[in-house]
Amino acid sequence: MELYNHLISDTKALLKGEVKKWSFSEGGKWHDLGASELVLQKDAAFELGAKGFGSANYVLFTSNPELVNEDAVYLYGRDLGEIKGDCDFARIVLLRVGVLDGDDETVYRTLKDIEFSKYHIYPEGYMVRISPESYREQVRVSKNAVRKGISFRSVGASYIAGYKKNPNVLAATVIFITDPSFDYEAMKETAKKTNAVTGTLTHILEGLPTDCSVCALKDICEEVEGMKELHFGIGAKGTDKH
């Protein structure tokens, strides 16, 4: 699974400055409610990635242990107990997966199942709203959760535990960013490219034309290493006409 490797490298190039890092601990998870919690505005301490602030969210996969080699939480910027008002926010997840068995469609479904794990994690006092169309994630954090000591370390541990419920996930790194000096627009562009790669993979599985000159996804196929090989490796009946 190397289709996202260049995007992992691009993401790491955007990360700069002081960073806090915590190794994953199963016992360090924040309390999970098991269902969505409504945090009303009057009960909120602040909102991460609120309207008017930078925000980005995406998940990247690889099978390369040099790119993702640990279960860890990274934080660039202020922690939840230090934030006093609405601010910029990004959450980026890097996942290393093992060899996925089955045909290409099964592999694709497995990756989507892993990605959708984020919709089944419900940290107490941490209400998440994800907008796939705008590649944003907004989080309303309750005053009560701040009083109880919620932190990115504990929330990140909850996400890692959720992803690792899938036996195909060998390592998970969760990156939180609240530093206002980061380029959130660049991160959104990377999120768009991530979505484009996944979308192209979907179309390949559905059967794309094998004449690249008439294919609407030619640019993505050329940019992403391994995409063209994948395309023509799935029962293509024609010849590569690039």
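Lysine 148 has a relative accessible area of 47% and is partly exposed, a class that lies between buried (under 20% relative accessible area) and exposed (over 50%), using a 1.4 Å probe and protein chains only. The model is predicted: local features need pLDDT of at least 70, side-chain atom pairs count only at pLDDT 80 or more, and totals for chains, interfaces and linings use all residues. Residues are numbered from 1 along each chain as its sequence is written, and side-chain values use heavy atoms, with hydrogens and water left out. The structure holds eleven salt bridges, each a side-chain nitrogen of Lys or Arg within 4 Å of a carboxyl oxygen of Asp or Glu. Helices (H or I, at least four residues) and strands (E, at least two) are DSSP runs, numbered from the N terminus.

**Glutamate 124 and lysine 148**

- Lysine 148 is joined by a salt bridge to glutamate 124, with 3.0 Å between the closest N and O atoms.
- Parts 24 residues apart in sequence are tied together by this pair, because glutamate 124 lies in the loop between α2 (104-115) and β6 (126-131), while lysine 148 is in helix α3 (residues 143-148).
- Glutamate 124 counts as buried, at 17% relative accessibility.

**Glutamate 47 and arginine 140**

- A salt bridge connects glutamate 47 with arginine 140, and their closest N and O atoms are 3.3 Å apart.
- Glutamate 47 belongs to strand β2 (residues 44-48) and arginine 140 to strand β7 (residues 136-142), so the bridge ties together parts that are 93 residues apart in sequence.
- Glutamate 47 is buried at 10% relative accessibility, and arginine 140 is buried at 14%.

**Lysine 164 and aspartate 71**

- The side chains of lysine 164 and aspartate 71 form a salt bridge of 2.8 Å, N to O.
- This pair links distant parts of the chain, 93 residues apart: lysine 164 sits in the loop between α4 (152-163) and β8 (169-177), and aspartate 71 in the loop between β3 (55-62) and β4 (72-76).
- Lysine 164 is partly exposed at 29% relative accessible area, and aspartate 71 is partly exposed at 22%.

**Valine 93**

- Valine 93 is part of strand β5 (residues 89-97).
- Its relative accessible area is 0%, so valine 93 is buried.
- Valine 59 is 34 residues away along the chain, yet its C-alpha atom is 4.7 Å from that of valine 93.
- Beyond its neighbours within four places in sequence, valine 93 is in contact (heavy atoms within 4.5 Å) with Tyr58, Val59, Leu60, Tyr163, Thr173 and Val174.
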